Amino acid sequence: MGEAIVITSGKGGVGKTTTTANIGAGLAKAGQRVALIDADIGLRNLDVVMGLENRIVYDLVDVVEGFAKLKHALIKDKRFENLYLLPAAQTRDKTAVSPEQMKNLVAEMKQEFDFVLIDCPAGIEQGFKNAVAGSDKAVVVATPEVSSVRDADRIIGLLEAEEKHHPQLIVNRIRPSMVKKGDMMDIDDMIEILAIELLGVVPDDEFIVVSTNRGEPAVLNTASKAGEAYRDIARRLTGENVPMMKLDDGTEGFIGRLRKMMGLKG
Amino acid sequence: MERTPKAEEAETLETEKPQPKKRTSSRKPGTKSTAKGLSKPEMSMPFVERLLDRHSDFDFEEEARRHPTLLIRRTLRSGQRVRFYGNVVVLGDVNPGAEITAGGDIIVMGWLRGLAHAGSEGDGNAIVAAFRLNPTQLRIGEIIGRAPDHGEAVLPEVPEVAEVRDGRLVIDRWQKSVLTAQDLL
C-alpha cells in the first residue's frame with residue numbers, strides 16, 4: 001500500500017508541476033514505484049514537462065467515467081520502468097470529476113504504487129478539492145515572495161479544513177545571493193509565518209527552464225543544483241535523513257538553523 | 001503605527017476617522033477569567049467565589065454573561081475569519097489575510113499580522129492586545145488605523161496594546177495601557 005502526496009501551492013507559477021515531475025523522477029530513480037496524477041484538468045502540463053505528451057490516449061476523466069481502464073490510461077515514462085503518468089483531460093474542466101471519484105481512483109492506484117504524486121492546479125476551488133481528496137499527505141510549494149507565502153498560508157488553512165494535517169514546505173527558486181543582500185525573503189521568515197515543517201529548499205536554476213522545455217526532469221542532470229535539491233527531497237520522502245543542501249557560504253547562518261529543524265524531525 | 005526605539009512614549013496610529021467616542025459601556029477590566037463559567041458554571045464556582053471575597057461589589061457571573069469570551073486555540077491563517085459578539089482570545093498567530101471582528105476586546109497570544117477589529121459594535125473603549133502587534137490594519141470602534149506604507153516600520157519586540165486615546169489609535173507597551181492603569185485583581 002503506497003502513499004499519496006498532493007503537491008499544492010495556491011498561487012500559480014511557483015513550480016508545482018516542475019516539483020511533481022522532479023520528485024517523481026527522483027523517487028523512480030531511487031527504485032520506488034511511482035505514479036504521477038495531473039489533476040489540472042483543462043490546463044494539463046505535467047505530460048509536457050515529462051516529455052510524454054505524444055503518448056496520451058486516455059486521460060483521468062476517461063478513467064473516472066469508466067470509459068477506459070486505469071492500466072490503459074497510465075503512460076509509462078521513457079526513462080524509468082517504474083514511473084507512470086496519469087494525464088489530465090485537456091478538453092474538459094474541473095467539474096468533470098468529483099472529490100469522491102478522485103478518492104476512489106487514488107485508493108486504487110495506491111495498491112499498485114509506492115508513491116502516488118498528485119499535481120494540484122492553482123487556486124482554491126473544485127480543482128484543489130479534487131486533488132486533495134485522495135491524498136494522505138500534502139507538500140506546499142512556495143517561492144520567497146510575499147504573495148506566494150500569503151497563498152501558501154491560505155492553502156495550509158484549507159488543508160487543515162480538509163483534515164490534511166502537517167503539510168510540509170518546499171521553498172522554491174531561492175537565490176542565496178539575493179537573500180544575503182536582504183533583497184529576498186529568507187527561509188526563516190517564511191517558516192515563521194507558515195509554521196510548518198521544511199521538506200526542502202530548491203535554488204533558482206536556469207537549467208529548470210531548459211529541462212522543462214526539453215521534457216527532461218532536472219533531477220536526472222547531475223550538474224543542476226535544483227536537480228540535486230529535488231533528489232534530496234525525494235530521499236527525504238522515502239524516510240532518509242538528508243541534511244539540507246548548503247546554498248552559499250554566506251548563508252550558512254540560516255541553513256545551519258534549517259538543519260537543526262530537520263534534525264528534530266529525524 | 002510607527003514605533004520609536006524608545007517604547008516609553010505612546011505611539012500614534014494614522015487615524016483615518018478621528019472621531020472621539022464616548023464611553024459606551026461601563027466595562028471593567030480583569031473580568032475575562034470567569035468566561036468559562038458560561039458553559040460550566042458549576043465548575044467555576046469556587047474560583048468565582050474566591051474572587052468575590054476580594055471584590056465583593058463586583059458580580060463576575062453577571063460580567064461573564066454580558067461579555068463572553070471566545071478562546072481560539074489555533075493559528076488563524078490567510079482567508080480565515082472570526083466574528084464574535086464578545087471578546088476573542090487567540091492562542092496562536094493571526095497571519096496576514098486573516099480577520100478577527102469582536103464586539104469586545106481582542107487578545108492574541110502570538111503575532112498579530114492580520115486585521116483586527118475590536119469593539120465592532122461601536123465600543124471605543126475596546127482594546128487590541130498581542131504578544132507581537134504588527135497588524136495590516138487595526139480598527140477599534142469606528143476608528144481605523146493602518147500599517148505604515150513604506151517598509152520602514154520597526155518590528156515589535158515586546159507585548160503591546162492598541163487603544164483609542166483622544167480619538168486616535170495609539171499603540172503602547174502593555175505596561176502603559178489601560179489594562180494596567182487601573183488596579184486589577
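Okay, let's start with one pair of residues: V139(A) has Q168(A), in strand 7 of chain A, as its bridge partner. Before I go on, keep in mind that this is a predicted model.

So where does that pair sit? Strand 6 of chain A, residues 137-142, and strand 7 of chain A, residues 168-174, run parallel and are joined by 4 bridges. Zooming out, the whole thing in chain A is an open sheet of 8 strands with mixed pairing, and the order reads 3-4-2-5-1-6-7-8. Which strands are at the edges? Those are strand 3 (75-76) and strand 8 (197-203) of chain A, each of which pairs on one side only.

Now go to strand 1 of chain A, residues 3-8. On one side, 5 bridges tie strand 1 of chain A to strand 5 of chain A (residues 115-119), and these two run parallel. Is strand 1 of chain A mostly covered or mostly open? Mostly covered: 5 of its 6 residues are buried.

What lies across these strands? Helix 7 of chain A lies across strand 1 and strand 6 of chain A, at about 165° to strand 6. Further along, helix 11 of chain A (residues 225-237) lies across strand 7 and strand 8 of chain A, running at about 160° to strand 8.

Next, a helix pair. Helix 5 (residues 99-112) and helix 6 (residues 126-133) of chain A pack at an angle of about 30°, with axes 7 Å apart. Anything under 35 degrees counts as roughly parallel, so helix 5 and helix 6 of chain A get that label. Their crossing is right-handed. Helix 5 of chain A brings P99(A), M102(A) and K103(A) to the contact, and helix 6 of chain A brings K129(A), N130(A) and A133(A). By type, the residues of that contact are 3 nonpolar, 1 polar and 2 charged.

Last stop, the other chain. How many residues touch across the two chains? On chain A there are 7, in contact with 8 residues of chain B. Helix 7 of chain A, residues 146-161, gives the most to chain A's side, with 5 residues. That side of chain A divides into 3 nonpolar, 1 polar and 3 charged.

How values were computed. Residues are numbered from 1 along each chain as its sequence is written. Chains are lettered from A and ligands numbered from 1 in the order in which they are written. This is a predicted model: local features need pLDDT of at least 70, side-chain atom pairs count only at pLDDT 80 or more; totals for chains, interfaces and linings use all residues. Axes are lines fitted to C-alpha atoms, for helices over the stretch in contact, and angles run from 0 to 180 degrees between N-to-C directions. Angles under 35 degrees count as roughly parallel, over 145 as roughly antiparallel, 65 to 115 as roughly perpendicular and the rest as oblique. A crossing is left-handed if the near helix is turned anticlockwise from the far one by less than a right angle, and right-handed if clockwise. Ala, Val, Leu, Ile, Met, Phe, Trp, Tyr, Cys and Pro count as nonpolar, Asp, Glu, Lys and Arg as charged, and the others, Gly among them, as polar. Two strands pair if DSSP finds at least two bridges between them. A residue is buried if 20 or more other C-beta atoms lie within 10 Å of its own, exposed if 12 or fewer, and partly exposed in between; C-beta atoms are placed from the backbone.
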